[in-house]
Amino acid sequence: MAPGLQKFLLLPHSSPDSSPDSPYEQFVGHVVVDNDSDNESEADSIQIERSSWNIDEFDVVAADATNGILCKSCLKDLIIKDGLARDASTVDDSVKETPTLDLSRLRPKEWHNALDIHGSYARGRGKGDASGWIHSGSQSHGNQIEGHYREFCIGGDNERIATPSKLSESLATKCQFCAKLKELFCKEYSECSWWERSDSELRFYVQYEWVQRRTTISERGEENEGSPQVRTRGKLNCLEVIVQHTGLDHDHANVYKFDVEAWPDWLMITRSPLDPSGPVSDMNIQFMKHCIDKCIKDHEGCREKLSNAQFIPTRLLDVKASNDMVRLVGRNGILLRGSQPKYATLSYCWGSALTQKTTKGNIEEYSKAGIAVHGMPQTFKDAIKIVRKLGIRYLWIDALCIIQDQAEDWEAESVKMCDIFAHAYVTISAAISSSCSESFLERSPRNLSSVRFHSSVKPKISSVYSIQLDGREGFPKSINLGDSRWCTRAWVWQEQIMSTRQLIFAEKGFQFRCNNGIRLGRGPTTNDPEMTLNNGTSNINYWEVFLKEFTKRSITFRADRLAAVPGVAKYIHSSLEEAGNPMKYLAGLWLDSKLEKFCSHLLWMCDKPASSYEKMSTALLDEDQYCAPSWSWASREKGVDFRWKSRAVFKVMGQPCDLQPYCSEAMVRAKYGSSIVLRSYMKQTPVKPTSGHFNQDAKRWANRWEVSIPNNTLYLWLDWLPAMEDPEEMDRQDNLELLLLDVAPTFDSDGKGSAYGLLLLKFGDLHYRRVGMFQLHGDLKWLEGAPCCDVKIM
């Protein structure tokens, strides 16, 4: 690696393996971090020129400062004395190579994890060889790989004493680091029995810890008998505060660790401070540009996602019209970069009161005179600021690029969402904002203590390093988006799935995400397979996974539930057609020739049943709220789960489905009364579901009624919670029908079979509606002997 460059590792994308039950559950909610890979390559890295950063952007404390930000004792502890670790061969100014610390000259680490006292460290050297190397593991994949490490320290020679009863006197009140120590000591020890004793003392030391890793690769085979390859590298691991107190003996201590971040190669600090003055600092903007450029240049999987190289959105905002104005432009007014315009998209939460949107009444004004930036919602202003700094001319915002009061335009643009987000140069995701009136660039300041560093060995080396005072728990390795309102919105799900590249702005920082991996703003790279959509037929296998995540999310209008997924559906449909395996998309379900997928997609159950039958049936019977027939998951407002493996024993009769569009696109919203006709065995339920036991705590597929009948157990998942005292409820349960769809191909461990199907309720003389799902476990002849008939389900 060239001098003056900092490497960033991007992990390759991986896909989950299949298993009989839920093959993707292992990935749900998990993000894996690799911050210490020994296998990074130049091809997988992003290099950013450190020389372009301005260290004056940091709020720093000079080494000779006495302004009260750090007291003299803390300054003495926190300034790294690098003179102890110079490498004589590279200190000379005439040497062109970047000088490096000779870690072997440092003092070996003295405190190590203790096995005899939980949560403490023991004095003494770790178990290693004469040079301090400790074996960390081995691998054997063609070559033999052995790993070793050793640890060194600077500092720890300035013992300080704090008296619990007089902490304010022992620790400087205006010192930033002393304040953190006081908070830490009170939190950890104030409940201990010795805390109030007059003779209690806290003796503590501050030191920096470096870790040096050695990887030895030995090639196997007679033709590879040469010397093994040995790779050694080191890094500053953390700042440690070592505390000895009355509750521990002399040979034990508690150790508290704080991350250190900086740019100087000399100190081997690998955690980079990418957010010193806000998300749009010059260094962060350059980092974002490098991530985007690297993806465009090197990530084949991201390029393959772009199915239509000639795609141009119907409308875009020209953000370079002037500093104070942006202008809405149509296709004919968009300047192309090659065959495509360079544009960004915005993913955000509307909130309860979106004050600005394009309508039939103002579209001409927005296109000719433009839109004043100062009057826009704050989220829009932030997005314009970001794209201008990234050098992007055009921006797509749904509220302004879709005519919101024209149903035909709204539906036509909804179907294009896959192309709009997939072909965007980057998607700006305002994860921190819960409405469009909030800024996603403003956030609480990070709790850092920054120190200016001047090398005592090589005076020309100077920079700044910062200590994360919230400790290692204060800033997570992954940016947690689960608590953000943005991540709970149904509309956002499609934007996340379809975007080829995303810049996600969260409370604790930002991340760059593409199909090749997730790059956190502070250093680590992660992978999240469940949120990835690639070009090819494999996407259909993820449909249940996608819907399980999507249906958990909230949406303001029930009638929009189907409208929030057609972009993804259209993308999958095109991929299937290109592969010669076309399937018909029916109200959120996929109809395949063998009916295996269709059967699986019909067999869904609600995670949480509706609180009453009336509430469940509203979306089925109220034409204003209706968006899909009862057999579609989109007809319910709760999350759903699916039966993963199915073997269909039914037929679809006549036209695959009488699915008419509400306006112009059935993919967006179906017309009231849409139906399908299935031929299979149907039989009335022999008992009321409520006569059995209600199991709401089952490990999987909970909220079910379990009823025993001769030679069988009947499991029933109702889409509502029955009102036990309601006479109409009892009549309703007497008229439930079981329609068989699926028979498991193998017997269960008890030697009995299982069959699955829909719970139907008759409406009028000619049709039924789906109101639940069932499983019959036992002697399947009871159900297979029922009459076979054609059933119209609306």
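How many bridges join strand S35 (residues 736-743) to S36? The legend to the first view gives the number, and the model shown in every view is predicted.

**View 1. Strand S36 and its two partners.**
Strand S35 (residues 736-743) and S36 run antiparallel and are joined by 7 bridges. Glu737 stands opposite Leu760 of S36. On S37 (residues 767-778), which also runs antiparallel to S36, there are 11 bridges to S36. Here Gly757 has Phe774 in S37 as its bridge partner. S36 and S37 make a hairpin with 3 residues between them, and in the turn Gly764 has a positive phi of about 70°. Of the 11 residues of S36 (residues 753-763), 10 are buried, so the strand is largely enclosed by the rest of the structure. Strands of a sheet pair through backbone hydrogen bonds, either parallel or antiparallel.

**View 2. An open sheet of 3 strands.**
The strand order in this sheet is S13-S21-S20, and the pairing is antiparallel. Strand S13 (260-262) and strand S20 (448-454) are the edge strands, each pairing on one side only. On average, neighbouring strands of the sheet are turned by 30° against each other, direction ignored. S20 is joined to strand S21 (residues 462-468) by 7 bridges. Ser450 stands opposite Ser466 in S21.

**View 3. Met288 in helix H4.**
Met288 lies in helix H4 (residues 282-298). Its relative accessibility is 0%, so Met288 counts as buried. Neighbours within four places in sequence aside, Met288 is in contact with Pro279, Leu390, Leu503, Phe505 and Phe510. Phe512 is 224 residues from Met288 in sequence, yet their C-alpha atoms are 7.4 Å apart in space.

**View 4. The nonpolar cores.**
The largest nonpolar core contains 124 residues, and Phe380, Leu395, Ile428 and Trp633 have the most contacts inside it. H4 supplies the largest share of this core, 6 residues. A second, separate core has 47 residues, among them Ile154, Leu167, Phe177 and Trp194. In soluble globular proteins, nonpolar side chains tend to be buried together.

**View 5. Helix H7 and its surroundings.**
Helix H7 (residues 378-389) has 12 residues, which at 1.5 Å a residue should span 16 Å; its end C-alpha atoms are 17 Å apart, which agrees. Its buried residues are Thr379, Phe380, Asp382, Ala383, Ile384, Ile386 and Val387. These buried residues pack against several elements, including strand S15 (325-330), helix H8 (398-401) and strand S22 (501-506). Not counting residues up to four places away in sequence, Phe380 touches Leu346, Tyr348, Leu354, Gln356, Ile397, Ala399, Leu400 and Cys436. Just after H7, Gly391 takes a positive phi of about 80°.

Two packed helices are described by the angle between their axes and the distance between the axes. The axes of helix H12 (residues 490-498) and helix H13 (residues 543-550) come within 10 Å and cross at roughly 145°. Ala490, Trp493 and Ile497 of H12 meet Phe546, Glu549 and Phe550 of H13. This contact of H12 with H13 has 5 nonpolar residues, no polar and 1 charged. H12 also packs with helix H14 (residues 566-578), at an angle of about 35° and with the axes 9 Å apart. Here Trp493, Gln494, Ile497 and Met498 of H12 meet Pro566, Gly567, Val568 and Tyr571 of H14. The contact of H12 with H14 has 6 nonpolar, 2 polar and no charged residues.

Notes
Residues are numbered from 1 along each chain as its sequence is written. Side-chain values use heavy atoms; hydrogens and water are left out. Helices (H or I, at least four residues) and strands (E, at least two) are DSSP runs, numbered from the N terminus. Buried means under 20% relative accessible area, exposed over 50%, partly exposed in between (1.4 Å probe, protein chains only). Contact means heavy atoms within 4.5 Å. A nonpolar core is a set of buried Ala, Val, Leu, Ile, Met, Phe, Trp, Tyr and Cys residues joined through side-chain atoms within 4.5 Å. The expected span of a helix is 1.5 Å times one less than its number of residues. Axes are lines fitted to C-alpha atoms, for helices over the stretch in contact, and angles run from 0 to 180 degrees between N-to-C directions. Ala, Val, Leu, Ile, Met, Phe, Trp, Tyr, Cys and Pro count as nonpolar, Asp, Glu, Lys and Arg as charged, and the others, Gly among them, as polar. Two strands pair if DSSP finds at least two bridges between them.
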